[in-house]
Amino acid sequence: MIKNYIKTAFRNLMKNKGFTFINVFGLTLGLATCLLIVFYVFDELSYDRYNSKADRIFRVNNEIKFGGMENSYAVTGAPAAAALKADFPEIEQVARLRNRGGNQVRKGNQNIQEDMMVYADNSIFDVFTLPMLQGDPTKALAAPHAMVITENMAKKYFGRVNAVGETLTINDSIRYKITGIIKNIPAQSHFHFDFFMSMPTLAESRETTWFNNNFSTYVLLRPGTDPETFRAKLPAFIVRHAGAELQALLHKDFKTFEKDGGYFRYNIIPLTDLHLRSASIDEIEPNGNISYVYIFSATAIFILLIACVNFMNLSTARSANRAKEVGVRKVLGSPRKALIAQFLTESILVTLAGAILAVLAAWGFLGLFNQISGKQLVVTGQILGWLLPAMLIIIVVVGCLAGSYPALFLSGFQPIQVLKGKLAGGFKGSGLRSILVVVQFAISIFLIVGTLVISNQLRYIQNKDLGYKRDHILVVQNTWALGNAAKAFKDEVKQLSDVQGASFSNALPTDPNTNSTTYFKDPVIDQKRSILTYDWSVDEDFVPTLGIKMIAGRNFQKDMKTDTAAVVINESFAKMLGYANPIDQPIYAPGDANFSKTVKLRIIGVVKDFNFKSLRDNVSPMLFNLNQGSSQLSVRINSANIPALLDKIKTKWKDLSPNRQFSYSFLDDNFDALYRAEQRTGAISIAFTTLAIIIACLGLFGLAAYAAEQRTKEIGIRKVLGANMSIIVGMLSKDFIKLVLIAIVIAVPAGWWAMHSWLQSFAYRQEIQWWVPVVAGTAAIAIAFITISFQSIKAALTNPVKSLRSE
């Protein structure tokens, strides 16, 4: 019987090749899009799960409210790890990472800049799954000046994996012995270091202060430990260990400190939540966003739903051609369940064909999708392990879901009515089909609204006046490596005819993590009179080079020796000070790490607020202090021939430091990188919205064909009575346009609400404009009308003699 169902289904599908092609094509588009989104979501959710103990690993976060600012930091003080392990028997192991940025690594006669370097405790191999190919993980990082590198770095510097016992020279000064080679860290990790230097090498790792937070600290809980119970013990832990230091710093205990509105506390974040649910200061790498996972998951479900609806609509569109077949089968004794089985078999065959083509299409377009999404997705054995069973389930579920309505609908025809030619009675129930069309276009309009809002926000970000000029700024990295020759390098670069200015600084507006320091309004350290501010070291050329506007006072001056004890602040800092005129007012900085004394500084200028962080955040207090030696040189260029100018600057670098690598970037490229997630989301949204509209139009095309088929004789009579083409097209189109209008009424408020919620993540945003729903609705109506018109014009051009011949 099953064989007969399949044979009959195959014949019917081949008999109606156009119908079969459209159905298969629609399902292929829907399933392929769904698969690509599933690959993306699976990749996002798999971060850090390569660790065999991932469910027991937590990062310790440091949450501080002080000086009018409230922040969460992904780092703790140096003594936290050892104290946690000593105090809590439920902790199996602890490990620290200290990311101090890149270094120059000697290879032959050249120094190569390597940014993926970190200091690590030897216990890192007990906490994380970092398989060691060579060396002993129990002691690889136990001694000073020991280093573990990845297999890629071993091949890069030594030409082989077995490099244990070799040495690498860092910054032409420190030699590290290679004590281990580990496998390359998977792409789905929240860190991707290539060089792990032993923590005992770093004197900072032995500090005892709890308020100098620089270490990424991880704890491995013992099996069976309840994280919430452990988290509840952390407040008492902080009071126990940091209370005395807080008393010495602020002359108050924790209870008084919190009563005055501040807090200093620890929290733990599950390792598997770091990539999608953590956005703390001093993250090792930029993280993802769980909201985008939800958005794309919903989009996949919506597109798959649209594809299923298409199958239903296209099946009912050709139902008149199957009506007599159903009538004859029923007269000959075929039970309804046999008819349902027959139609479901056809549906599953179409779904099977669509699924096979969808897998091939998803695999073929995976490279393009990787470019758009910034991923490195590959079809691995792990993916195939769940993909094949999932596809079988999808084929059955989607086949039955998409075929259920046509099967129940067609099998319900009354044979007497059908064989008498009275088909209308069998087609009255069009309510469900109308609802499905509304759902299809509501989803499409919702996606159009989302795409327009995202594109508008990205355009706003690109065009917003940030308070500084980011274009034509070349950033020469790692100028600290030039040592005493750095100033000479800057002077020679400034003499180039195409250079308008150059400035040293230890930070730039596009840097994800920058230093923050507490300053005080009075010489006496007082929490209520303190300001937690970002603190940048710059030279006297920084403000003019970046085009930052002075609104009061003056900038640093090279010939003013007293400016070494002066600061320039931004508007936000000035507002927190509360002075009518902050110029020449004193401000006090901590004189040492223990806050045991303060140093008096003088405010000489105020700059207009500029967005030195992401536009997701409000402008925070900012302070500039004068320092001639810093880590990077910003160069404002004015040249149409940038490659030639780069060669000149590189030549001057090589003249001063022939063995050190010349590294550079452009400030506007760095700025774009801050919003790469939004840019990728926008590109993916456009692609998926376009596909959703195409699939929805296939369904509308099917319904238009169904309507024209239903009203063939009516159209013939109207034409005989003198109706022209525009009347026929309008008659067939108006019912569908009504459905699209209903979809607009439903989708626009939903889209506005969803995108309004998304925009709240930006402190600076372009509110949803009035034209967004207008454009979305107009586009939906136009697309629907064009789709319907194809079938309407075809019906209007049909010879009425053919339509009325059977009467």
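Me: What share of the 807 residues in the chain is buried?
Reply: This is a predicted model: local features need pLDDT of at least 70, side-chain atom pairs count only at pLDDT 80 or more, and totals for chains, interfaces and linings use all residues. Residues are numbered from 1 along each chain as its sequence is written, and side-chain values use heavy atoms, with hydrogens and water left out. "Buried" means under 20% relative accessible area, "exposed" over 50%, and "partly exposed" in between (1.4 Å probe, protein chains only). By that rule, the buried share of the 807 residues is 52%.

Me: What is the mean pLDDT of the chain?
Reply: pLDDT is the predictor's confidence in each residue, on a scale from 0 to 100. Here 90% of the residues reach 70 or more, and the chain's mean is 84.

Me: How many helices and strands does the chain have?
Reply: Helices (H or I, at least four residues) and strands (E, at least two) are DSSP runs, numbered from the N terminus. For this chain, the tally is 26 helices and 25 strands.

Me: Is Thr351 buried or exposed?
Reply: Thr351 sits in helix H12. Not counting residues up to four places away in sequence, Thr351 touches Leu27, Leu31, Ile394, Ile395, Val398 and Gly399. With its relative accessibility at 0%, Thr351 is buried.

Me: What is the relative accessible area of Leu352?
Reply: Leu352 is in helix H12, which runs over residues 336–364. Leu352 counts as partly exposed because its relative accessible area is 34%.

Me: How many aromatic pairs does a search of the whole structure find?
Reply: Rings of Phe, Tyr and Trp (its six-membered ring) pair if their centres lie within 6.5 Å; planes under 30 degrees apart are stacked, over 60 edge-to-face and the rest tilted. Across the whole structure, the count of aromatic pairs is 32.

Me: How far apart in sequence are the parts that the pair of Tyr534 and Phe612 ties together?
Reply: These two rings are edge-to-face, 5.4 Å centre to centre with 70 degrees between the planes. Tyr534 lies in strand E18 (residues 530–538) and Phe612 in the loop between strands E22 (598–607) and E23 (622–626), so the pair links parts separated by 78 residues.

Me: What is the angle between the planes of Trp536 and Phe612?
Reply: Both partners are buried: Phe612 has a relative accessible area of 2%, and Trp536 is at 0%. Their rings form an edge-to-face pair, 5.7 Å centre to centre, and the planes make an angle of 75 degrees.

Definitions and conventions: Contact means heavy atoms within 4.5 Å.
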